[in-house]
Amino acid sequence: MNMNKKSVLLDTSFFLRLFDTSSPLHENAKAYYKYFLEHDITLKISTIAIAEFCVKGEATDLPLRNMQIIPFNFDHAQQAGKFFQIIWKQKKERGMVITPRCVVPNDTKMFAQADIDTTVESFVSADSEAFKIYTLLEHELHPRFNFIDINTPCNITYGELAFNNNE
């Protein structure tokens, strides 16, 4: 296996939009999923995202055969603590309101996983609260990965022309 191969870490919110055909972001999620597969970008999912998904769905509903599962480990835990310290400081300094969350939110834990895994280029999500947290972190630390918000269509994010299927 090529250890330098690009990868993305997919958030729970991505999968919720991918499977919900009534979601306004369903088509965007499908386009990103297709783009990643067609461009040989490794799809990764955290055990944390799997736990979140299982609140309303079954893990067997996830396309796990196309993904690598990333368990939350000791290195991730240490990095998550550092990240949350920065996020908490930035939140207080800026007077930002972020909806109530646990002591070390799941987003921060998955950001730590993305930062530790040197192949992860992007964290892919539809969660605006997660983007707020990422922005706080980015202000002081400049994490190794970027944040892709699937509210922005895939072709705009990657600068490709969007052709419909009939052309």
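Let's start with a ring cluster: ring pairs link Phe111, Phe123, Phe131, Tyr134, Phe145 and Phe147. The pairing rule covers rings of Phe, Tyr and Trp, the last by its six-membered ring, with centres within 6.5 Å; planes under 30 degrees apart are stacked, over 60 edge-to-face, and the rest tilted.

Some ground rules. This is a predicted model, where local features need pLDDT of at least 70 and side-chain atom pairs count only at pLDDT 80 or more, while totals for chains, interfaces and linings use all residues. Residues are numbered from 1 along each chain as its sequence is written, and side-chain values use heavy atoms, with hydrogens and water left out.

Back to the rings. The aromatic pairs come to 18. One of them joins tyrosine 32 and tyrosine 158, edge-to-face, at 6.4 Å centre to centre and 65° between the planes. That pair links distant parts of the chain, 126 residues apart: tyrosine 32 sits in helix α2 (residues 26–38), tyrosine 158 in the segment after α7 (154–157). Helices (H or I, at least four residues) and strands (E, at least two) are DSSP runs, numbered from the N terminus.

How exposed are these two? Buried means under 20% relative accessible area, exposed over 50%, and partly exposed in between, with a 1.4 Å probe and protein chains only. Tyrosine 32 has 0%, so it is buried. Tyrosine 158 has 26%, so it counts as partly exposed.

Next pair, from the opening cluster. Phenylalanine 111 and phenylalanine 123 have ring centres 4.9 Å apart and planes at 85°, so they are edge-to-face. Phenylalanine 111 lies in helix α5 (residues 106–116) and phenylalanine 123 in strand β4, so this pair ties together parts 12 residues apart in sequence. Phenylalanine 111 is buried, at 0%. Phenylalanine 123 is buried too, at 0%.

Now the strands. Which residue is the bridge partner of phenylalanine 123 in β5? Phenylalanine 147. β4 (residues 120–125) and β5 (residues 146–149) run parallel, joined by four bridges; strands pair if DSSP finds at least two bridges between them. With helix α6 (residues 128–140), β4 and β5 make a right-handed β-α-β unit. Right-handed means that, with the strands pointing away from the viewer, the path from the first strand over the helix to the second runs clockwise.

On to the core. A nonpolar core is a set of buried Ala, Val, Leu, Ile, Met, Phe, Trp, Tyr and Cys residues joined through side-chain atoms within 4.5 Å. The largest has 44 residues, and those with the most contacts inside it are Leu10, Phe14, Phe15, Phe36, Phe111, Val124 and Ile150. Take valine 124. Leaving aside neighbours within four places in sequence, valine 124 has contacts (heavy atoms within 4.5 Å) that include Leu10, Phe14, Phe36 and Ile150.

Helix α1 (residues 12–19) has Thr12, Ser13, Phe14, Phe15 and Leu18 buried. Their cover includes β1, α2 and β4.

Serine 7 has 1% relative accessibility, so it counts as buried. Its side chain makes a 2.8 Å polar contact with that of threonine 119. A polar contact is a pair of N or O atoms within 3.5 Å; within protein, one must be able to donate a hydrogen and the other to accept it, and residues adjacent in sequence count only if both atoms are side-chain atoms.

Last, backbone. Histidine 142 has phi near 55°, positive in a residue other than glycine. Histidine 142 is in the loop between α6 and β5.
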